Structures are given as structure tokens and as C-alpha cells.
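Welcome! Here is a friendly walk through the inside of a protein model, from its cores to its pockets.

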Amino acid sequence: MTAAQNASSTPRPVDEATLLASLPSGLFVGGEWRDASGGATFDVADPATGRTIATIADASPDDGITALDAAVDAAAEWAATAPRVRAEILRRAFDMLQERKLEIATLMTLEMGKPFAESLGEVAYGGEFLRWFSEEAVRITGRYGVNPEGTGRTIVSQHPVGPCYLITPWNFPLAMATRKIAPALAAGCTVVVKPAELTPLTTLFFAQLLTDAGLPAGVLNVVTTTHSGPVSKPIISDPRLRKLSFTGSTAVGKKLIAQAAENVLRTSMELGGNAPFVIFDDADLDKAVDGAMLAKFRNIGQACTAANRFIVQRGIADEFARRVTERVEQLRVGRGTDEGVTIGPLINESAVEKARTLTDDAVTRGAQVLTGGSAIDGDGTFFAPTVITEVPTGSDILREEIFGPVLAIIPFDDEEDAVRLANDTEYGLVAYVFTENLARGQRMIERLDTGMMGLNVGVVSNASAPFGGVKQSGIGREGGLEGIHEYLSTKYTMTPNP
Ligand code: NAD
């Protein structure tokens, strides 16, 4: 292949102006795009430039309830729709997403900042939930049995839970939405979706795509708003709502669990993380460095699964630090739509401030900066990819989710020490372990307090796997065989012998 052919086959973003001009800008309620009450709007910005890229409807609490009304009205008919019909709509949406992947990837890069290649990766990952749950929609089964006494027959059946409220974060605008929407629709539930106000455009695009794929009016409703609390509270308090699924910070998740308790509402909570990345001295260091680059710098460090603490056995800590620093210095920072960029901007100024404060605190306590260490001046909200080592116990960076491109190394002495350090957090979403010793790997599976583990890999997310955490990282699982059960309720019926 010639260089010219090669270049032309590399997928590139679509024209921004044309894409943005074609986007819907309203609330999506009962199958129609409509203005927010009073015509309120808000601006969405590109974090790489700070420029406004769209102005969209800003829902009020009344608009939120109107969206719930639409979901309630559509609930019975959708629940009674044949599973095969529900499956085929999801499958069609999967195919359409592949056809339109350049548009949706461009949109994600524009509103969220991630490099275009990573946005394409998110289209592949996020789209897979549509395909996976289209396949699960037709496999919702029950049980029929004889009770132990032989006096009756037991029937166990699965039913859609009913109208759901889905709240998503800004860091994976498509995948965090499809990971909830696809199983909910597959199970026969109708939904109101509230995307993050920083990245609402992807959800608007996706709502139109689902409609074009044949989704009936009212099954999916979208409210965009800058008043998340006031709009969400009445929806969560409404007795017609049957399920709340939230992905976001632990702090907001706790508030929502408290609100949901009033109605004993079923909840799924995908919350924050503080992932340990443990490298033993028997690890394959090449694999560990590759894994570290993915686990830390994917999504500019803004992933709930991002490695937060690199816990490295003392004998190899310097070598790991040297090699990973070399790789970090090759990263290219810039606007995600530009060719060759591997690190985009952070989502906003407060994210930059957090990365700066956590790095400065560790350095003040005695950590050494090997590369980076500060924000980058100019337009946009950029922070230099950073490696710090010898991070002292007690540093804030070991306790808090960094959510930025800062790789912090803490040396350890033996296995006990590694387990103690890894588990020393109130979170338990994911842990990464690198070792070539099988028995040690198995011990780590048993001893680390975590919902997920990457053993010699730096990415765990997969549509076929149950994603979720323990401790303050959440309740419930998304994806896998488990994912659809979050949207089904089990009914048991006792009958006499026939
Ligand atoms: P966030 O908690 O600030 O916001 C998440 C969503 O909740 C947004 O849509 C926001 O508008 C909404 N929200 C905020 N306050 C609310 C309120 N009072 N009532 C109702 N809704 C409210 O989180 P974020 O900054 O958007 O996302 C980053 C966080 O999400 C990180 O902590 C990250 O670890 C977590 N996250 C977790 C997972 C997971 O699967 N466990 C995945 C991605 C992100």
C-alpha cells in the first residue's frame, strides 16, 4: 500500500459545521422534538477551544415530568411488544451506528475532547451493547418446577420493571447511554434519559438514530438540562417511576440513593473508582507498560476504570518509571480532531484544577516529578501528561479519583504489602494486576476487594461482561448476562398440582 492510499484509509472526522447544523436541539418527548418550557436554552462548548458548538433546550422540572408522562403512556404497549421486534430495532440501531460512526465519533470528540481514534473506539464499544442486548432480548426465560413437598407447581417469570430514569456522565457520552438504554429497551422498559449537561449532543444524535431505526414514540425520551437536581428529584419521587440507573460520581450517587429510598425505588449505581495497578517483579514489564498506558491515559485519564495508583514492587519500580516516562513523553497533546493527537483536553477548568491540586499536594509531601506536572497555558483546558514517583502515604492523590493524565507510582515490598495498599480505599470498581505467576494471579483474584479485575491487561470493559463495583463504587452490573436483569423483576406464582 502506498503512503497516499494508507493516509486516505485512515478514518477522519466529518465536517464540523455540517454535522452541528444537522443536530436536533430540543427535548425529545413522546417521539417529538420540542422546546423547553419558556424556551430556555444553554450552550455546549468544545473543551479544546472553549468555543460554543451548540445551543440546546434547558429542561425545567415540569418538562422532566412531561417526559416521564410520555414514558408511562408508552410502557404497556412496549412491554407487550414481541421480544423479536424489540431485538430487531436494537440490531438495526447497531447497524446504523456503524454506518454513521464517523459522525457520532466526531460529535463526541467535539463535545468531550477525546482523540478521534478513541471516539471511534467508543462507537465500537458503545454500539456493542445494542448488538449484545438485541441478542439477549429474545432469551428472557423463567422456570417451572415441582415444590419439594410435591403439593404444587412453582412458576417463576420475568417482567419489565416499568418506566426507568437513566442519568449518564460526560466521560463516555455514547457508551454510558447505550449500556443502560439497550438492556432497558430489550427488557421491555420505557425510559427517560438525562445526559450530562457538558456532553448532551451525543444522546440527542442517538435518540434520532433509534427513532430512525423504528423505536416507537414515547419509549425513549431525553431531557437535557443545567438543573439536574431540581429536574431529577420530582421524577425520582414520582410513584410511576420504577427504576433509577445512574452513572456518575459517588457523591451524587449517595444523594440519589437517599432520594430513591423514599419510594423504595430499584437502583443501579455505577460510581467512582480508585483503581490500583499492581506490578509484581515477576511481571512481563513490556506488557505492564503497555497496560499502564491504556489504563491511565485512555480518555485522558477521565475514566472510572482509570488506574489511579501504580503500586510497583521496589526492585522494578525505577525501571518501570523510566520506561513509562519515555512512553508518556511521546504522547501528543492537542485538539482531538487533529491527526496524530493522543491526549485531548480535560473536560473543564475544575478538572484541570483538580489534577493540579492533587499533583502539587503529592510533590509538597515529597513525590518526584519525572515528566509533566502542570497545566498547559493557552486556549482549552489541557494538563500535561505526568508521571510522579515515590508518592508518600497520606497524599490526597492516593485517596481521590484523579480523573486526569497523572500517573502516580508507589513502591511496595512484598505481596502482603501490595494487597494492603491496593485495598486501602473506600472504592472497589476495578484492579489491575501484572504477574507471570499464575498462583499469585489467582491469589489476587481472591484477595482484592473489587468488582472487576484486569489480570495482565489494561482495559476490562466489554459488552459481554458484568461491569460494576463493590464498596462505594456502586450497586448492580451493566452488560453481560446480568445487565438485562437490572431491568427485569422476578415474579413467582404458586399453583396447585394439575
Ligand atoms: P457527576 O456525578 O457530576 O454527574 C453525573 C450525572 O449526574 C450527570 O448527568 C449530572 O448532570 C447528573 N447530576 C449531577 N448532580 C445531580 C443531582 N443532584 N441529581 C441528579 N443528577 C445529577 O459525575 P460526572 O462528573 O459527570 O462523571 C464522572 C464520575 O462518573 C466519576 O466519578 C466517574 O468515576 C464516574 N463514572 C463511573 C462509571 C462506572 O461505570 N462506575 C462510568 C463512568 C463514570
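A nonpolar core is a set of buried Ala, Val, Leu, Ile, Met, Phe, Trp, Tyr and Cys residues joined through side-chain atoms within 4.5 Å; buried means under 20% relative accessible area, exposed over 50% and partly exposed in between, with a 1.4 Å probe and protein chains only. This is a predicted model, where local features need pLDDT of at least 70 and side-chain atom pairs pLDDT 80 or more, while totals for chains, interfaces and linings use all residues. Residues are numbered from 1 along each chain, and side-chain values use heavy atoms, without hydrogens and water.

The largest nonpolar core holds 132 residues, and Leu 220, Ile 279, Phe 320 and Ile 397 have the most contacts inside it. Helix H7 (residues 175-187) gives the largest share, nine residues; helices (H or I, at least four residues) and strands (E, at least two) are DSSP runs, numbered from the N terminus. A second, separate core of 24 residues includes Val 223, Leu 244, Ala 260 and Leu 271.

Thr 267 is found in strand E11 (residues 266-270) and counts as buried because its relative accessibility is 18%. Its C-alpha atom is 9.9 Å from that of Gly 474, 207 residues apart along the chain.

| Largest | 36 residues | Pro 169, Trp 170 |

Technical notes: 1 Å grid on protein atoms, 1.4 Å probe; cavity = no way out; pocket = protein on both sides within 12 Å on 5 of 7 lines; lining within 4 Å.
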